[in-house]
Amino acid sequence: MADQPDEPMDLTDLPPPSTSNVTQDTAVSTSAMPFAEPQITAAPKSKAQKQRDYRHRIAASRTPAEVITARAAETARKRNYRLRVAANSALANEPVQTTSTSSDLVEIQQTKSTWNTKWQLSIKRFKSTFLDNESGYACSVCDRLWFKNDLKPITAANLEVISDWFIKVNRQLCREEYELVCSTLSTVLQQKVDAATGKEDDPSNRTENISAENAPDSEVLASKQHTMMWNEEDCLNIAPGHRAQPLNIIYDRHAEELSFPSIYYGIPRRFNMGVSVTAYMIATSELRRRDRRGATPQKILYVAIKILRLRMVDGILLEDPEFLKEFVTANLAFMKTVPNSIQYWAARKLGLFAMMRQLGKPTVFLTISANEIRWPKLLTILLKLSNKYPGKTAKDLNTSERCTLVSDDPVTCCIYFHKLVGSLMKMLKSKQFYNPFGKYFVQDYFIRIEFQHRGSPHAHILLWLNNDPHETVSENMPKTIDLVEKLSSVSREDMPSDSVYANQSHKHTFTCTK
């Protein structure tokens with residue numbers, strides 16, 4: 001066999017190598033080598049590297065025409081940014097180091113004039129409608145707190161209507177106390193004036209005036225004992241006795257007055273005959289009174305739960321207490337009448353989908369958050385209403401005192417935030433020159449107001465703008481990019497001051513869960 005010549009081997013007849021065999025051989029050889037180097041795995045890419053690779057892939061997939069368009073858009077964005085920074089520096093009267101040409105200087109002046117006119121008019125409008133519109137002014141008739149511009153001077157005809165009512169209850173009208181009236185009561189008084197026929201007052205409507213000054217002590221003591229806290233029949237019976245159930249809070253007429261004796265002193269509410277009053281009407285009236293005893297967090301939670309249960313009963317449209325007690329949790333369809341419940345937002349979602357089918361996709365998603373402890377105007381209003389820190393201004397308060405003011409009067413904070421959102425939306429919907437969106441004014445919108453874990457409200461808003469480009473969602477949307485650059489900015493240089501920039505940034509703390 002050794003003398004025979006070597007024959008050429010046909011490599012095509014050899015079987016392909018087995019992967020499993022190679023793997024096993026490699027594993028054996030590796031285990032046999034005590035000093036073999038371990039396999040090195042590639043480190044995971046950072047977020048910046050992934051974004052850079054993504055941009056490279058997008059750039060490689062573009063056609064020559066798209067490359068030219070992208071380069072022109074990038075050059076225009078850089079130029080607009082340079083002009084915007086120069087214009088802002090010129091508005092602030094600060095020297096700016098730039099290598100601008102003569103044509104750039106002309107555009108800087110034009111940009112300066114445009115920005116100055118555009119934003120100054122918007123800021124002036126917002127200042128007149130909201131910042132200078134101070135809150136905490138009470139209506140002379142209903143005693144509820146309003147913003148200053150929401151009150152109107154009371155007229156002589158309105159005073160005559162009020163005077164007629166004072167005559168019916170046998171009281172003397174002090175005309176100097178009635179100066180301002182809210183828009184709601186102004187409409188009601190005007191309707192009374194229009195309906196007046198000049199008839200003489202009916203003496204039967206007058207009530208007898210009983211003065212306590214000349215009354216004997218025994219009668220005064222007897223009258224005090226007629227309050228609900230002295231009367232066993234009207235007393236709030238929480239533990240009625242063995243095998244007896246207390247009356248549900250929904251059906252107890254005087255449970256609220258008896259639960260808060262420091263507010264009502266055991267005296268039941270009284271309403272005029274023929275006037276239909278709901279629990280919601282009572283709550284909105286008492287929570288906005290100049291007397292802030294009824295606006296405490298405990299009272300607000302009590303009233304909220306009471307109205308919640310009443311709306312549940314109204315949603316079921318049944319009056320049988322036993323049926324409500326047994327089947328109230330069987331079907332939650334009635335919960336859609338309760339704001340911020342799951343069923344309520346499920347119904348609102350159907351309306352939102354209908355808007356999207358009719359109007360198309362929204363143009364802008366806007367979020368507005370409340371920062372109560374950093375709003376000096378709001379803190380000034382809270383100081384004036386609470387009288388908790390006499391002699392101090394909003395600038396003198398520390399963080400703990402600010403948080404105390406905000407937590408003690410959530411109603412005023414919510415009213416202030418609601419007015420802020422309403423003023424902004426009124427400006428953005430307007431077609432006037434002070435609209436910061438210009439020709440892209442808001443045609444329609446959808447608002448959802450939520451409350452964060454700390455209790456502060458914030459609004460999520462979808463905006464449908466005029467002159468929407470209506471581009472198909474894709475990676476190349478030049479008209480949408482141009483719209484975004486015209487209406488918004490992420491540059492710190494565009495902020496008028498560092499305090500405004502600080503309000504636009506978020507610092508994570510241990511309370512953050514996202």
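This report describes aromatic rings and nonpolar cores in a predicted model.

## Basis of the values

Residues are numbered from 1 along each chain as its sequence is written, and side-chain values use heavy atoms, with hydrogens and water left out. Because the model is predicted, local features need pLDDT of at least 70 and side-chain atom pairs count only at pLDDT 80 or more, while totals for chains, interfaces and linings use all residues.

## Rings and charges

Six aromatic pairs are found in a search of the whole structure; rings of Phe, Tyr and Trp (its six-membered ring) pair if their centres lie within 6.5 Å, and planes under 30 degrees apart count as stacked, over 60 as edge-to-face and the rest as tilted. The rings of Tyr344 and Trp345 have centres 5.1 Å apart and planes at 75°, so this pair is edge-to-face. Elsewhere, ring pairs join Phe126, Phe130, Trp375 and Tyr416 into a cluster.

Arg448 lies over the face of Trp345, 4.2 Å from the ring centre, where a charge sits over a ring if NZ of Lys or CZ of Arg is within 6 Å of the ring centre and within 35 degrees of the ring normal.

## The largest nonpolar core

A nonpolar core is a set of buried (under 20% relative accessible area, 1.4 Å probe, protein chains only) Ala, Val, Leu, Ile, Met, Phe, Trp, Tyr and Cys residues joined through side-chain atoms within 4.5 Å. The largest one has 36 residues, and Trp375, Tyr416 and Phe417 are among those that touch the most other members. Helix 16 (410-429) gives the largest share of this core, eight residues; helices here are DSSP runs (H or I, at least four residues), numbered from the N terminus.

Note on methods. Buried means under 20% relative accessible area, exposed over 50%, partly exposed in between (1.4 Å probe, protein chains only). Helices (H or I, at least four residues) and strands (E, at least two) are DSSP runs, numbered from the N terminus.
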